[in-house]
Amino acid sequence: MSVCHEMQFRVDSRDVDLFNQCRPSAVLGMLQESATQAALELGLSGPEVYEKYGCMWMVTRNWVELEAPLRWNDRVVIRTWHRGAAGASSYRDFDLFRDGARIGQGVALWVLVETDSHRLYRMRDVGEFAGTDGGELCKRVRLHRLAMPPAFEGRHRRDMGYSDTDINGHVNNIHYADFACDALHLERLGQGKFVRSFQIGYLSECRAGETLWVDTAAQGDGLYARGVGEDGVERFDCAVTLAPLPPGQA
């Protein structure tokens with residue numbers, strides 16, 4: 001069985017922002033779909049893990065790094081593989097290519113959660129993973145809880161609704177990137193720059209009808225956002241790094 005799944009995407013008009021750059025949420029959407037198709041190839045799609053193991057997939061952290069922005073009508077090839085099964089989590093790696101050259105990379109940390117008890121399911125008990133990891137392709141990047149600034153300067157209210165939800169009934173992980181970018185006002189900060197890297201940690205589920213308060217801060221080269229529910233529980237954290245556009249792309 002192939003250890004590497006490959007999928008092609010086209011950046012369309014729904015994916016780009018006012019600077020004609022593919023939004024972080026759209027990039028995450030491509031990674032999520034390629035991961036979903038790779039899991040389907042392994043026999044580990046959402047319906048299959050529910051039927052076989054009584055579990056559902058949940059992503060706990062995402063990290064993406066780009067060398068240049070993706071633009072409207074770009075053809076992007078995403079290659080993805082997993083790093084094997086250990087403990088209660090599994091890393092999935094990604095490489096992004098444009099015109100045959102690698103333009104970015106990503107890492108996602110996934111867990112299996114028992115649907116009834118919400119307990120983590122041991123990855124070593126998932127037989128389909130055996131012998132299907134990426135081998136020498138596997139990255140060394142590890143994702144940990146973000147170290148956030150000691151104080152936040154801004155606060156943005158976000159009411160969550162129907163369009164934010166997914167098949168599991170909670171807010172889909174890609175929408176948190178939009179929540180963070182809106183609260184950070186990238187429409188002002190992004191002129192002449194692009195999102196070089198971003199990391200998001202998903203700390204607690206959100207559902208339609210709930211309200212998030214998104215706190216923001218800048219520290220050094222980083223921009224930070226933290227989502228807090230009305231109950232005071234942190235729901236997500238995010239770090240964004242902007243970089244000047246490469247020569248000839250202003």
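Strands here are DSSP runs of E with at least two residues, and helices are runs of H or I with at least four, all numbered from the N terminus. Before going on, this is a predicted model, where local features need pLDDT of at least 70 and side-chain atom pairs count only at pLDDT 80 or more, while totals for chains, interfaces and linings use all residues. Residues are numbered from 1 along each chain as its sequence is written, and side-chain values use heavy atoms, with hydrogens and water left out.

So, is Ser-90 buried or exposed? Ser-90 is buried, with a relative accessible area of 5%. Buried means under 20% relative accessible area, exposed means over 50%, and partly exposed is in between, using a 1.4 Å probe and protein chains only. The side chain of Ser-90 reaches the backbone oxygen of Gly-84 at 3.1 Å. That's a polar contact: a pair of N or O atoms within 3.5 Å, where, within protein, one must be able to donate a hydrogen and the other to accept it, and residues adjacent in sequence count only if both atoms are side-chain atoms. Leaving out residues up to four places away in sequence, Ser-90 touches several others, including His-82, Trp-110 and Phe-129. Contact means heavy atoms within 4.5 Å.

Now hop over to Leu-31, in helix α1. Leu-31 is buried too, with a relative accessible area of 4%. Which residues does Leu-31 touch, not counting those up to four places away in sequence? They are Val-64, Ile-78, Phe-94 and Leu-96. Also, Leu-31 and Asn-62 sit 31 residues apart in sequence, but 9.6 Å apart in space, C-alpha to C-alpha.

Next, the inside. In soluble globular proteins, nonpolar side chains tend to be buried together. A nonpolar core is a set of buried Ala, Val, Leu, Ile, Met, Phe, Trp, Tyr and Cys residues joined through side-chain atoms within 4.5 Å. The largest one here has 61 residues, and Leu-44, Leu-96, Tyr-176, Ile-200 and Phe-236 have the most contacts inside it. Helix α1, residues 24–42, gives the most to this core, with eight residues. A second, separate core has five residues, among them Trp-63 and Tyr-91.

Let's look at helix α3, residues 173–183. Nine of its 11 residues are buried, including Tyr-176, Phe-179 and Ala-180. Those three are also among the residues that Phe-236 touches, again not counting residues up to four places away in sequence. At the start of α3, a side-chain oxygen of Asn-172 comes to within 3.1 Å of the backbone nitrogen of Ile-174. Just after α3, His-185 has a positive phi of about 55 degrees.

Last stop, the pockets. On a 1 Å grid over the protein atoms alone, a pocket is an open set of points where a 1.4 Å probe fits, with protein on both sides within 12 Å along at least five of seven lines, and lining residues have an atom within 4 Å of a point. The largest pocket is lined by 40 residues, with Trp-57, Met-58, Val-59, Trp-110 and Asn-168 nearest its centre. Helix α1 gives the most to that lining, with seven residues. The second largest pocket is lined by 24 residues, and Asp-17, Arg-23, Pro-24, Cys-181 and Leu-186 lie nearest its centre. Two or more of its lining residues come from each of α1, α3, α4 and β7.
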